[in-house]
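Good morning, and thank you for making time for this item. I would like to walk through one model with you, moving from local detail to the wider arrangement.

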Amino acid sequence: MNNLVTERLAVRVMRPESPRQAVSFAKRFRAPYIAGGTWLQPACERDRQWPVQLVALNPDWPGFLGVQETDGGLIIGALTTLDELARHPLTSVYLPPLVGLLNRVAGPGVRNLGTVGGNLLAGGDLSALALALDAEVDVLAGKGTGGRPLVQWCLDRAAGDLLRSVTLPDCRDWRFFVEKLGYRERFSPTRATVACVHNGQQLRLAVCGEGGAGRLVVTEAMLRDQGVRELGDLATVIDSELEALGWQCTQLRLAVCRMLEFGLAEVSLEA
Amino acid sequence: MTLDGDWVRNATSRMDLTPRIEGRLAYTTDQRHLPGLLHGAILRSAHAHARITGVDISRAREMPGVHAVVSAADVPGPNRFGIVIRDQPVFCDERVRYEGDSIAAVAADTPEQALAALDVIEVGYQPLPVVSDAALAEQQVALHNSHEEHGGSNLLARETLERGDLEDAFSRCTVIVEHHYQTPRQMHAFMETEGGVAIPDDNGGVLFRVGCQSGHRDAEQLADILGLAHDQVTVESTATGGAFGGKDELTVQPAAGLLALKTGRPVMIHLDRFESCRTGIKRHPVTVKMTTGCDAAGRLLAHKVEAVLDTGAYASLGPAVLENYLDHATAPLYRIEAYRVSGRLVYTNNGVCGAFRGFGGNQATFAVESQLDALAGKLGMEPSAFRQINLRSPGDAGSRDQTVRWTAPPAEVLAAAVASPLWRCHDAGTGRWLTGTGMAMGAQGNGLGDGLPDSGGGRISLSPAGHICVEFGFSDYGQNIVESIIQSVCNGVGCRETDVEVALGNSRGPDSGPTSASRSSVLVHGVLARILPGWMNLVRGHAAGLSGHPEDRLVFGPGGLYFNDHQVLSYRELAASVNLDELSASASQDFPVAPDAEQPVGRYLQLQIATVARVAVDRLTGRVRVTDLHHVTAAGRVIYPPGYLGQIEGAAVMGQGMALTEDMTTRDGCYLADNLDQYLIPTFHDAPVQRVDVLDSTPEDDPFPIRGVGELGIEAVAPAITAAIEMATGVRIRRLPVDPGDLLVGMAAQEQAL
């Protein structure tokens, strides 16, 4: 289409031969990575400012694409698209609720391009579940390569870090509740996505959305110490923790509290 | 009858609608093949309200690829436009009043060159206080200097409709309810954003091919602005990707026309979605206080309305919207002993508001219907029973004592809605999703309204190719008026669909008036009823001379004229045998208004709708799903079922958006959303299952059996949804769009009270 947006000035897209070279390019040229491009496009169109250079990531690089079953669980390549993840047979085996959640992430066109890594980096809908699952990330950084907990990487991620894959534990017997709250049924910005996970011993809670992504460690501790007590107390603890995480809207906190309470009841009921 | 899939399939015609469905229909803004085409871009204000201290376009003129830069000094005629009041500058030179105001425009070889040139135009601003609160606008600095027109205040218009002794009526009320209501600034969100091309001719004139709704009116305004004689400007409103009122006002045309005349080359301006959001017309947000009372038997006695409409920086069609709002606020479907309905239309720096499907009426109906539910609740009556007591009968005068032509008794419309199967759905009182069913009614008059010039004409002829050529000035912006015209011609003439050719939207052709106010179908039918008998006699007379058969035994039919069931002449043969001007006819008519009122009241041809909505409300989050909408309509005879169905269903989804998600909110005069990823319209997943029923008891000899349904479907959707929400949750929402957070807080409060 010949319109104002697509007739923008050219962007230099660098195509590194290896992940290591990609990290090097990103650092040397201070250029952002591009995978699906679904976050980049609307942001740049809005500001009418496109990056001068981009570092294109290659899904053919080992470990960056696909879903692999290992002894420890699942490894999901960061360049796996949301659609590929939703359709993958292992997803419905390991993470049945994820298929329904992914169907509510953006629209089909975005899911065909958008990647798991891009979604996690932007604090998108996958973040809550990944945090609740204690996911680990495999990151190529300037100083080396290695795995670390996603929750930690979210806090100390450095510019130029390149996410290769996400590792999820073997959660086939776990119980899940994942729910997205948007403004409409589909193709909506996320107001809040909550995840409750019960691994048979322990409850884990996480949120992402307008107030940011994070684990509800205080609430988890209370549940661990005292069990699911009177809902009034639980709601108060969740509300306080959400506010501390940066969730300012009281009405939205109320909705998140109720979603989490419902989710806890669901996963506890089955326990 | 229910308009279902069979009706639609049976009405399928020769028209290939596939390109429209697949998005391949070429719009005006797709015309990028024109030789020598330049691309225009418009510099918009950087402030919602500021004095301009200087505009320097000199650097822009030197930029690569730039052919012309124009600003206020380049406007040869009045630097003003506006349908009702010409108060909007083509280019601002002293003051900007909203963030979409135009300051200058550039024509260049490429769009990015045009944008680059805009970036180097230097504008000096002296920011002024922003008038952002409509309720306080009259106490703030006046946005327009004209004391003659606006009295030196931001009050653009005020109007009061009164009937009976209101104070006495209130004194006799057993129950009185008073509530405040608020409706949003909704955006049209058409598929094709505003745009078009201006093409200079060899005689100093300009041809505009644009997405618009009134080619003739636009041509007049543009000729004035461009300093041209009216016959030097032609507007072709070619197929347009949606309008809904948002292209009633001039958009890109003045800038494109000036650039085309300056460069001598065609200039295309097509707003991207960001610019469309920022500059385009919106629906008037309304805040209103309604006080309504009834006696112990439920008879409405008194009704008081005090409304404030925010028209934004310029008038556009605001005064007419105010008038229609007030008319609907008188509760046209119901007998009320006394009312005082008043409204104030104020200027602010919050964008510009104007025409939008429903035209103020649906904002008023939301509040009126909510009031009726509140009164019914106070009396412990079923809302439908309360309405039944107060509905007008076919013989009654209208709410403003005017004669009204209904197409079905209102009580029958209500009865059909009460019989809707949606009421029999089981309402879940426990579990996560709370369900409920609610209903609202609405009335809507066709035509432009009180006292506005409202007439339209058409022309019929034979084309050289032997088609029956019908011309109207209306625009095709997705409603597919072409097919309804074809159906009307086929019904009137007895020909087949392939015999008819429809030409629309050329300002050189017949002036049919604007394609708005649900008026097109009424006028098409009226004009054809006037033209066809005479034109058919004309053609028969000519055919009799050619064929030698008696004129009174020649019959129109598929492909030509018949004698004793045998075709004796084809339309092509007829066309080839005569100067075609001799076989043409034209007519025009005034839009029907109530004939007996002292002041002409436009709400003569009245339509009705009752919408039953079923919703599911998430107990956890307050999120609302509209699962079903059942519409009972009384809008005259259905001549084109797909069009009727499409208008009602499409308008209803638009009303659902207004009820649940859509609001172009502002902060300090600036919109907070700038694209459709932030301004959220319903998607297919949000669209409910819909059913459209038609009641029609229009007599065979009724002179106005065909009515326009372009706006009817939006009329009652919002109050039906909020009634259903109340049924599900016990919480009544009076501010749109429904805020799930507000609803959730209300639900939580109800839970705690249990």
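This is a predicted model: local features need pLDDT of at least 70, side-chain atom pairs count only at pLDDT 80 or more; totals for chains, interfaces and linings use all residues.

Not counting residues up to four places away in sequence, Leu102(A) touches Leu82(A), Leu85(A), Ala86(A) and Arg111(A); contact here means that the C-beta atoms of two residues, placed from the backbone, lie within 7 Å. Residues are numbered from 1 along each chain as its sequence is written, while chains are lettered from A and ligands numbered from 1 in the order in which they are written.

Leu102(A) belongs to helix α5 (residues 96–103) of chain A. Helices (H or I, at least four residues) and strands (E, at least two) are DSSP runs, numbered from the N terminus. Is Leu102(A) buried or exposed? Leu102(A) is buried, because 24 other C-beta atoms lie within 10 Å. The term buried requires 20 or more other C-beta atoms within 10 Å of a residue's own, exposed means 12 or fewer, and partly exposed lies in between, with C-beta atoms placed from the backbone.

**Chain A: sheet and domains**

Let us turn to the sheet of chain A. Three strands make an open sheet, ordered β1-β3-β2, with parallel pairing. Strands β1 (12–14) and β2 (33–34) of chain A are at the edges with a single partner strand each, so one side of each has no neighbour in the sheet. Pairing requires at least two bridges found by DSSP between two strands. Two bridges link β2(A) in the parallel sense to strand β3 (residues 53–56) of chain A, and Tyr33(A) stands opposite Val55(A) there.

The domain assignment divides chain A into domain 1 (12–53), domain 2 (67–169) and domain 3 (175–269); such bounds come from an automatic or database assignment. The C-alpha centres of domain 1 of chain A and domain 2 of chain A are 20 Å apart. Their contact draws 12 residues from domain 1 of chain A and 14 residues from domain 2 of chain A. Which helix gives the most to the domain 1 side? Helix α1 (residues 19–29) of chain A does, with six residues.

**Where the chains meet**

How many residues of each chain take part in the contact between chain A and chain B? The contact involves 23 residues of chain A and 26 residues of chain B. On the chain A side, α2 (40–47) and α12 (250–269) each supply at least two residues, and α12(A) provides the largest share, seven residues. By class, that side has 12 nonpolar, four polar and seven charged residues. In this scheme Ala, Val, Leu, Ile, Met, Phe, Trp, Tyr, Cys and Pro are nonpolar, Asp, Glu, Lys and Arg are charged, and the others, Gly among them, are polar. The model scores ipTM 0.92 and pTM 0.95.

The largest nonpolar core has 253 residues, and those with the most contacts inside it are Cys196(A), Val256(A), Ala610(B) and Ile725(B). A core is a set of buried Ala, Val, Leu, Ile, Met, Phe, Trp, Tyr and Cys residues joined through C-beta atoms within 7 Å. Beyond its neighbours within four places in sequence, Cys196(A) is in contact with residues including Ala132(A), Phe177(A) and Leu264(A).

**Chain B: a covered strand**

In chain B, the mean pLDDT is 94, and 98% of residues reach 70 or more; pLDDT is the predictor's confidence in each residue, from 0 to 100. Strand β9 (residues 195–200) of chain B is mostly covered, with six of its six residues buried. On one side are Gly195(B), Val197(B) and Ile199(B), and on the other Gly196(B), Ala198(B) and Pro200(B).

Four bridges join β9(B) to strand β12 (residues 267–270) of chain B in antiparallel fashion, with Ala198(B) opposite Val267(B). Five bridges join β9(B) to strand β10 (residues 206–210) of chain B, also antiparallel, and Val197(B) stands opposite Arg209(B). β9(B) and β10(B) form a hairpin with five residues between them, and Gly204(B) in the turn has a positive phi of about 85°.
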